[in-house]
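I opened a new entry today.

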Amino acid sequence: YLKARFEETIDGEKIIVLLNYTNGTKYTCTGYTNLIHNRVGGTHVRLLRKAVCEAWQTLYKRFKNESETELCYEDCLVGLDSLVAVFLKEISFSSQTKEKLTVPADCLCSLMEAVKKDIEAYFSENETLRKSLIKRFEEYRIAQNRLLSQKEITSLVKVNESKDGTVKRRSVVPGLIECTSSQVQGSELYLVEGKSAAGPIARA
């Protein structure tokens, strides 16, 4: 989708952020402090995640598609590979190996706020890219909601096995029909959308 670079300098301290949306679903963020790789991340990694999410919240309110889908806070991180490098006058780490930056969030507040505004401006100006990403976020949220719904319904269907080996799936959901089988394997739950005279049906 893109490889965008943002850089800000305030009072002699600098931040560089790279954002790259891929076709995958995983979110990654690599952190550096004064050119030192922070393997576990730390303050800068945590705050960049927050800045990206807040920037997209603002963008989505302004430019959302004509859809009833409501994004969750971190849906905008889907497929995002990111990097944040900070150059600070005073630094502190969790250990001598410098795996994690532990400076207070206040130390990076101004730099992160500037980057957040840069991200908002960048996607505001790039309409085609913005629409493409928003569509992708919405499709991801719809898929996640369907998955959650299926898991919720499945959790409400109890499997009882009698002494003679007969397997029964008994639903505690109105409209789901009980099924009986002689084998556990193959006794699966199938959701069929539709309506009957009694209302919505999902058949097992």
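**Aromatic cluster**

I began with the rings, and found F6, Y21, W56, Y122, F123 and F137 linked by ring pairs into a cluster. The model is a predicted one. I counted aromatic pairs and got five.

I took F6 and Y122 next. How far apart are the ring centres of F6 and Y122, and at what angle are their planes? The centres are 5.7 Å apart and the planes stand at 90 degrees, so I logged the pair as edge-to-face. This pair links distant parts of the chain. F6 sits in strand β1 and Y122 in helix α2, 116 residues apart.

I then checked burial. F6 has a relative accessible area of 5%, so I noted F6 as buried, the cut-off being under 20%. Y122 comes out at 25% and is therefore partly exposed.

Y122 also pairs with F123. I noted 5.2 Å centre to centre and 90 degrees between the planes, again edge-to-face. Is F123 buried or exposed? Its relative accessibility is 0%, so F123 counts as buried.

**Around W56**

I listed what W56 touches, leaving aside neighbours within four places in sequence. The contacts are Y21, C76, F123, R130, L133, I134 and F137.

R130 turned up again when I searched for charges over rings. Its charged end sits over the ring of F63, 3.7 Å from the ring centre. I logged K14 as well: K14 lies over the face of F87, 5.6 Å from the ring centre.

**Nonpolar core**

I looked up the largest nonpolar core and found 36 residues in it. Which residues have the most contacts inside this core? They are Y21, V52, W56, V84 and L108. The elements giving two or more residues to the core are β1 (2–10), β2 (13–21), α1 (43–63), β6 (80–87), α2 (109–125) and α3 (127–155). I noted α1 as the one that gives the most, with nine residues. As a general reminder to myself: in soluble globular proteins, nonpolar side chains tend to be buried together.

**Whole chain**

The protein chain has three helices and 14 strands. Of its 204 residues, 34% are buried. I also took contacts between residues at least 6 apart in sequence; 62% of these join residues at least 24 apart. The chain exposes about 12,600 Å², and carbon and sulfur atoms supply 49% of that area.

Note on methods
Residues are numbered from 1 along each chain as its sequence is written. This is a predicted model: local features need pLDDT of at least 70, side-chain atom pairs count only at pLDDT 80 or more; totals for chains, interfaces and linings use all residues. Side-chain values use heavy atoms; hydrogens and water are left out. Helices (H or I, at least four residues) and strands (E, at least two) are DSSP runs, numbered from the N terminus. Buried means under 20% relative accessible area, exposed over 50%, partly exposed in between (1.4 Å probe, protein chains only). Contact means heavy atoms within 4.5 Å. Accessible areas come from the Shrake-Rupley method with a 1.4 Å probe; for residues, only the protein chains shown count as cover. A nonpolar core is a set of buried Ala, Val, Leu, Ile, Met, Phe, Trp, Tyr and Cys residues joined through side-chain atoms within 4.5 Å. Rings of Phe, Tyr and Trp (its six-membered ring) pair if their centres lie within 6.5 Å; planes under 30 degrees apart count as stacked, over 60 as edge-to-face and the rest as tilted. A charge sits over a ring if NZ of Lys or CZ of Arg is within 6 Å of the ring centre and within 35 degrees of the ring normal.
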